[in-house]
Amino acid sequence: RFLTELKSIGTKSVVTMHSIVRSRATEAKIALLVDKIIVHSEHCRNYMLNINEYCDKVVIIPHGSPNIVTMNTVELRKNFDIKSSHVIASFGFMQPYKGFDAVLEALIQLKQKYQDILYLIMSSIRPKEKDSLEYYWKLRRIISKYGLSGNVRLYHDFLPESILQKMLQLSDIIVLYYDFNL
(Lines give C-alpha, C1' and ligand atoms only; values in the text may rest on other atoms or scores of the structure.)
Protein backbone atom coordinates (compact mmCIF):
# COMPACT_ATOMS: atom_id res chain seq x y z
CA ARG A 1 0.00 0.00 0.00
CA PHE A 2 2.80 2.37 0.90
CA LEU A 3 4.47 1.97 -2.50
CA THR A 4 1.12 2.39 -4.24
CA GLU A 5 0.54 5.61 -2.31
CA LEU A 6 4.01 6.93 -3.20
CA LYS A 7 3.46 6.16 -6.88
CA SER A 8 0.03 7.84 -6.88
CA ILE A 9 1.51 11.12 -5.63
CA GLY A 10 4.44 10.97 -8.07
CA THR A 11 7.16 10.23 -5.51
CA LYS A 12 10.11 8.28 -6.85
CA SER A 13 11.03 5.18 -4.85
CA VAL A 14 13.91 2.74 -4.62
CA VAL A 15 13.57 -0.66 -2.96
CA THR A 16 16.47 -2.75 -1.70
CA MET A 17 15.76 -6.47 -1.87
CA HIS A 18 18.21 -7.89 0.65
CA SER A 19 17.08 -11.36 -0.35
CA ILE A 20 14.57 -12.67 -2.83
CA VAL A 21 11.03 -13.01 -1.47
CA ARG A 22 10.58 -16.08 -3.71
CA SER A 23 7.21 -14.96 -5.02
CA ARG A 24 7.24 -13.82 -8.62
CA ALA A 25 3.86 -12.15 -8.13
CA THR A 26 5.12 -10.12 -5.17
CA GLU A 27 8.31 -9.08 -6.94
CA ALA A 28 6.41 -8.20 -10.12
CA LYS A 29 4.02 -6.04 -8.09
CA ILE A 30 6.90 -4.27 -6.34
CA ALA A 31 8.72 -3.75 -9.64
CA LEU A 32 5.65 -2.07 -11.15
CA LEU A 33 5.51 0.43 -8.31
CA VAL A 34 9.17 1.45 -7.89
CA ASP A 35 11.70 3.31 -9.99
CA LYS A 36 14.75 1.20 -9.07
CA ILE A 37 15.37 -2.13 -7.36
CA ILE A 38 18.68 -2.68 -5.58
CA VAL A 39 19.89 -6.25 -5.11
CA HIS A 40 23.16 -7.49 -3.61
CA SER A 41 24.13 -10.36 -5.90
CA GLU A 42 24.22 -11.49 -9.49
CA HIS A 43 21.90 -14.37 -8.53
CA CYS A 44 19.21 -11.94 -7.32
CA ARG A 45 19.71 -9.73 -10.37
CA ASN A 46 19.28 -12.70 -12.72
CA TYR A 47 16.16 -13.76 -10.85
CA MET A 48 14.67 -10.29 -11.26
CA LEU A 49 15.71 -10.19 -14.93
CA ASN A 50 13.49 -13.22 -15.49
CA ILE A 51 10.61 -10.84 -14.83
CA ASN A 52 11.49 -9.37 -18.24
CA GLU A 53 9.63 -6.09 -18.36
CA TYR A 54 11.40 -4.81 -15.22
CA CYS A 55 15.01 -5.60 -16.13
CA ASP A 56 16.02 -1.94 -16.57
CA LYS A 57 15.14 -1.22 -12.93
CA VAL A 58 17.53 -3.73 -11.33
CA VAL A 59 20.86 -2.47 -9.98
CA ILE A 60 23.49 -4.50 -8.10
CA ILE A 61 25.16 -2.91 -5.10
CA PRO A 62 27.28 -5.69 -3.57
CA HIS A 63 27.62 -6.03 0.17
CA GLY A 64 30.84 -4.41 1.29
CA SER A 65 33.50 -6.28 3.17
CA PRO A 66 34.91 -5.00 6.43
CA ASN A 67 38.56 -4.19 6.82
CA ILE A 68 39.65 -6.71 9.44
CA VAL A 69 42.98 -7.55 11.01
CA THR A 70 44.05 -11.11 10.28
CA MET A 71 44.79 -13.05 13.44
CA ASN A 72 46.63 -16.30 14.09
CA THR A 73 44.23 -19.23 13.61
CA VAL A 74 45.90 -21.34 16.30
CA GLU A 75 45.53 -18.52 18.85
CA LEU A 76 41.94 -17.85 17.85
CA ARG A 77 41.02 -21.51 18.25
CA LYS A 78 42.70 -21.57 21.64
CA ASN A 79 40.76 -18.43 22.69
CA PHE A 80 37.45 -20.09 21.72
CA ASP A 81 38.44 -23.46 23.21
CA ILE A 82 38.35 -25.20 19.84
CA LYS A 83 40.53 -28.28 19.67
CA SER A 84 39.22 -29.58 16.33
CA SER A 85 41.60 -29.71 13.41
CA HIS A 86 38.81 -29.20 10.85
CA VAL A 87 36.37 -26.32 11.39
CA ILE A 88 33.41 -25.43 9.19
CA ALA A 89 31.30 -22.32 9.82
CA SER A 90 28.01 -20.84 8.63
CA PHE A 91 26.26 -17.67 9.69
CA GLY A 92 23.16 -15.61 9.06
CA PHE A 93 19.68 -15.38 10.49
CA MET A 94 18.01 -18.70 11.33
CA GLN A 95 15.95 -19.39 8.21
CA PRO A 96 15.20 -22.71 6.45
CA TYR A 97 16.64 -21.51 3.13
CA LYS A 98 20.07 -21.04 4.76
CA GLY A 99 20.66 -24.80 4.40
CA PHE A 100 22.24 -25.46 7.80
CA ASP A 101 20.37 -28.78 7.87
CA ALA A 102 21.97 -29.81 4.57
CA VAL A 103 25.41 -29.08 6.03
CA LEU A 104 24.51 -31.16 9.09
CA GLU A 105 23.55 -34.04 6.77
CA ALA A 106 26.96 -33.73 5.08
CA LEU A 107 28.62 -33.57 8.50
CA ILE A 108 27.25 -37.02 9.33
CA GLN A 109 29.32 -38.37 6.42
CA LEU A 110 32.35 -36.17 7.08
CA LYS A 111 32.47 -37.27 10.72
CA GLN A 112 33.24 -40.83 9.57
CA LYS A 113 36.54 -39.63 8.08
CA TYR A 114 37.27 -36.59 10.28
CA GLN A 115 36.12 -37.51 13.78
CA ASP A 116 37.14 -34.21 15.35
CA ILE A 117 35.38 -32.05 12.75
CA LEU A 118 33.48 -29.08 14.17
CA TYR A 119 30.62 -27.13 12.58
CA LEU A 120 29.95 -23.64 13.95
CA ILE A 121 26.45 -22.38 13.21
CA MET A 122 26.25 -18.70 14.08
CA SER A 123 22.63 -17.92 13.44
CA SER A 124 20.37 -15.83 15.60
CA ILE A 125 16.73 -16.79 15.85
CA ARG A 126 14.18 -14.26 14.66
CA PRO A 127 11.67 -14.50 17.52
CA LYS A 128 8.76 -13.01 15.58
CA GLU A 129 9.15 -15.48 12.73
CA LYS A 130 7.64 -18.89 13.44
CA ASP A 131 9.71 -20.67 10.77
CA SER A 132 12.93 -19.37 12.34
CA LEU A 133 12.20 -21.01 15.70
CA GLU A 134 10.87 -24.18 14.04
CA TYR A 135 14.06 -24.42 11.98
CA TYR A 136 16.17 -24.05 15.12
CA TRP A 137 14.36 -27.01 16.71
CA LYS A 138 14.73 -29.03 13.51
CA LEU A 139 18.51 -28.48 13.68
CA ARG A 140 18.56 -29.49 17.36
CA ARG A 141 16.69 -32.73 16.49
CA ILE A 142 19.20 -33.57 13.71
CA ILE A 143 22.14 -32.89 16.02
CA SER A 144 20.62 -35.12 18.72
CA LYS A 145 19.46 -37.92 16.38
CA TYR A 146 22.87 -38.35 14.74
CA GLY A 147 25.04 -37.81 17.83
CA LEU A 148 26.58 -34.59 16.54
CA SER A 149 26.53 -32.61 19.79
CA GLY A 150 30.32 -32.89 20.11
CA ASN A 151 30.76 -31.76 16.52
CA VAL A 152 28.38 -28.79 16.37
CA ARG A 153 28.24 -25.50 18.22
CA LEU A 154 24.95 -23.78 17.57
CA TYR A 155 25.01 -20.09 18.52
CA HIS A 156 21.40 -18.93 18.29
CA ASP A 157 21.83 -15.47 19.80
CA PHE A 158 23.08 -12.46 17.90
CA LEU A 159 26.90 -12.35 18.06
CA PRO A 160 28.82 -9.07 18.08
CA GLU A 161 30.56 -8.44 14.77
CA SER A 162 34.02 -8.64 16.38
CA ILE A 163 33.29 -12.16 17.68
CA LEU A 164 31.72 -13.25 14.41
CA GLN A 165 34.77 -12.07 12.45
CA LYS A 166 37.13 -14.00 14.72
CA MET A 167 35.06 -17.16 14.51
CA LEU A 168 34.95 -16.95 10.73
CA GLN A 169 38.73 -16.41 10.67
CA LEU A 170 39.42 -19.51 12.73
CA SER A 171 37.37 -21.63 10.33
CA ASP A 172 38.86 -23.70 7.53
CA ILE A 173 35.69 -23.54 5.43
CA ILE A 174 32.81 -21.07 5.45
CA VAL A 175 29.61 -22.48 3.97
CA LEU A 176 27.00 -20.06 2.68
CA TYR A 177 24.46 -22.52 1.39
CA TYR A 178 21.24 -20.97 0.18
CA ASP A 179 18.37 -23.12 -1.07
CA PHE A 180 16.07 -20.79 -2.99
CA ASN A 181 13.91 -23.73 -4.07
CA LEU A 182 12.13 -23.98 -0.73
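This is a predicted model: local features need pLDDT of at least 70, side-chain atom pairs count only at pLDDT 80 or more; totals for chains, interfaces and linings use all residues.
1. Leu168 is buried, with a relative accessible area of 17%, where buried means under 20% relative accessible area, exposed over 50% and partly exposed in between, with a 1.4 Å probe and protein chains only. The residue sits in helix H7 (residues 161–169); helices (H or I, at least four residues) and strands (E, at least two) are DSSP runs, numbered from the N terminus. Not counting residues up to four places away in sequence, Leu168 touches Ala89, Phe91, Met122 and Ile174, contact being defined as heavy atoms within 4.5 Å. The C-alpha atoms of Leu168 and Leu154, which are 14 residues apart along the chain, are separated by 14 Å.

2. Residues are numbered from 1 along each chain as its sequence is written, and side-chain values use heavy atoms, with hydrogens and water left out.

3. The buried residues of H7 include Leu168 together with Leu164, Met167 and Gln169. The elements against which the buried residues of this helix pack are helix H4 (73–79) and the strands S4, S5, S6 and S7.

4. Strands S6, S5, S4 and S7, in that order, form an open sheet of 4 strands with parallel pairing, two strands being paired if DSSP finds at least two bridges between them. Strand S6 (152–155) and strand S7 (173–174) stand at the edges, and each has a single partner strand, so one side of each is left without a neighbour in the sheet. S4 (residues 87–91) is joined to S7 by 2 bridges, the two strands running parallel, and Ile88 stands opposite Ile173 in S7. S4 also pairs with S5 in the parallel sense, over 5 bridges, and here Val87 has Leu118 of S5 as its bridge partner.

5. How many of the 5 residues of S5 are buried? The count is 5 of the 5, so this strand is largely enclosed by the rest of the structure. In a regular strand the side chains alternate between the two faces of the sheet. In S5, Leu118, Leu120 and Met122 point one way and Tyr119 and Ile121 the other way, and all are buried.

6. Ser123, in the loop between strand S5 (118–122) and H6, is buried, with a relative accessible area of 0%. A polar atom of the Ser123 side chain lies 2.9 Å from the backbone nitrogen of Met94. Leaving aside neighbours within four places in sequence, Ser123 is in contact with Gly92, Phe93, Met94, Phe100, Tyr155 and His156.

7. Helix H5 (residues 100–113) lies across S4, S5 and S6 and runs at about 170° to S5; axes are lines fitted to C-alpha atoms, for helices over the stretch in contact, and angles run from 0 to 180 degrees between N-to-C directions. H5 also packs with helix H6 (residues 130–145), at an angle of about 5° and with the axes 10 Å apart. The two helices are therefore roughly parallel to each other, a description used for angles under 35 degrees, with those over 145 counting as roughly antiparallel, 65 to 115 as roughly perpendicular and the rest as oblique. Phe100, Asp101, Leu104 and Glu105 of H5 make this contact with Tyr135, Lys138, Leu139, Ile142 and Ile143 of H6. The residues of the contact divide into 6 nonpolar, no polar and 3 charged, where Ala, Val, Leu, Ile, Met, Phe, Trp, Tyr, Cys and Pro count as nonpolar, Asp, Glu, Lys and Arg as charged, and the others, Gly among them, as polar.

8. Another open sheet is formed by 3 strands in the order S1-S2-S3, and its pairing is parallel. Strand S1 (14–17) and strand S3 (58–60) stand at the edges, each with a single partner strand, so one side of each is left without a neighbour in the sheet. Direction ignored, neighbouring strands of this sheet are turned by 30° against each other on average. Between S1 and strand S2 (residues 36–39), which run parallel, there are 4 bridges, and Val14 stands opposite Lys36 in S2.

9. For the protein as a whole, the secondary structure comes to 7 helices and 7 strands, following the pattern α-β-α-β-α-β-α-β-α-β-α-β-α-β along the sequence. Of its 182 residues, 38% count as buried, and the C-alpha atoms fill a box of roughly 60 × 40 × 30 Å, taken along the principal axes. Among contacts between residues at least 6 apart in sequence, 65% join residues at least 24 apart.

Methods
A polar contact is a pair of N or O atoms within 3.5 Å; within protein, one must be able to donate a hydrogen and the other to accept it, and residues adjacent in sequence count only if both atoms are side-chain atoms.
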